[in-house]
Amino acid sequence: MEFILASQSPARFGVLRAAGVDPVVRVSGVDEDAVAAGVVDPTPERVVGVLAEAKARTVVAAGDDAVVVGCDSMLHFDGELVGKPGTAQRARERWGKLAGGTGVLLTGHAVLRVVGGEVVGSATGVEATTIRFSAPTQDEIDAYVASGEPLAVAGAFTIDGLGGWFVDSIEGNASSVVGISLPLTRRLLGEVGVSVTELWRSTT
């Protein structure tokens with residue numbers, strides 16, 4: 001049984017590899033803005049959940065016998081749901097607001113059980129982790145933005161890279177902040193009838 005990760009995130013891939021799984025990566029190419037705009041009753045939790053499922057369903061292919069996992073992360077901060085800044089200007093503006101504040105990182109997870117290319121089971125869930133940001137100096141913010149790291153990550157920060165210098169604490173699951181919650185993924189796999197131990201790579 002393959003474990004298909006519907007994400008090009010090297011951080012998610014790294015978390016799974018470190019946890020004994022060898023994912024097959026398929027990039028969904030989902031238009032996140034278009035999917036989010038079509039969400040009915042768009043609570044922050046529902047938006048990330050719908051996006052995660054859309055990514056997972058997009059990569060299912062004929063003949064698959066696999067579990068497919070899709071994820072989507074966004075930061076809920078000051079009443080706003082924010083994703084990847086995309087540009088240096090937006091990342092700098094984002095950090096001007098984040099510095100010294102507290103936000104909630106929401107990561108939507110979708111697990112599909114696929115047999116012969118058909119989805120025979122699905123489960124979704126959302127992990128919420130509270131992030132307390134430190135207050136970097138303007139020079140530190142400028143250097144962080146110049147590194148390029150915050151441009152392509154949810155909320156314009158990481159905890160497993162340069163951004164970790166500017167996070168005072170988290171309350172919740174650390175792997176979820178990196179991009180995929182191992183405990184939640186295990187529970188969702190169980191809901192579609194798969195034990196995570198079936199997916200561990202052989203140590204022999």
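Predicted model: local features only at pLDDT ≥ 70, side-chain atom pairs only at ≥ 80, totals over all residues.
Is Ala-156 buried or exposed, and what is its relative accessible area?

1. Ala-156 is buried, with a relative accessible area of 0%, where buried means under 20%, exposed over 50% and partly exposed in between, computed with a 1.4 Å probe and protein chains only. The residue sits in the loop between helix 5 (138-147) and strand 7 (167-171), helices (H or I, at least four residues) and strands (E, at least two) being DSSP runs numbered from the N terminus.

2. Residues are numbered from 1 along each chain as its sequence is written, and side-chain values use heavy atoms, with hydrogens and water left out.

3. Asp-41 also has a positive phi, near 55 degrees, in a residue other than glycine. Asp-41 belongs to the loop between helix 2 (32-37) and helix 3 (44-58), and is exposed, with a relative accessible area of 53%. As background, most residues other than glycine have a negative phi.

4. The largest pocket holds about 590 Å³ of space. A pocket here is an open set of points on a 1 Å grid over the protein atoms alone, where a 1.4 Å probe fits, with protein on both sides within 12 Å along at least five of seven lines, and lining residues have an atom within 4 Å of a point; a volume is the space filled by probe spheres set on the points, which are joined across faces, edges and corners. Its lining counts 29 residues, of which Ser-7, Ser-9, Arg-12, Lys-84 and Ala-152 lie nearest the centre. Helix 1 (10-18), strand 3 (66-77) and helix 6 (174-178) are the elements that give two or more residues to this lining.

5. The second largest pocket has a volume of about 200 Å³, and its lining includes Glu-32, Asp-33, Ala-36 and Lys-84. The elements that give two or more residues to it are helix 2, strand 3 and strand 4 (80-82), with helix 2 giving the most, 3 residues.

6. Helix 1 also contains Phe-13, which at 31% relative accessibility counts as partly exposed.
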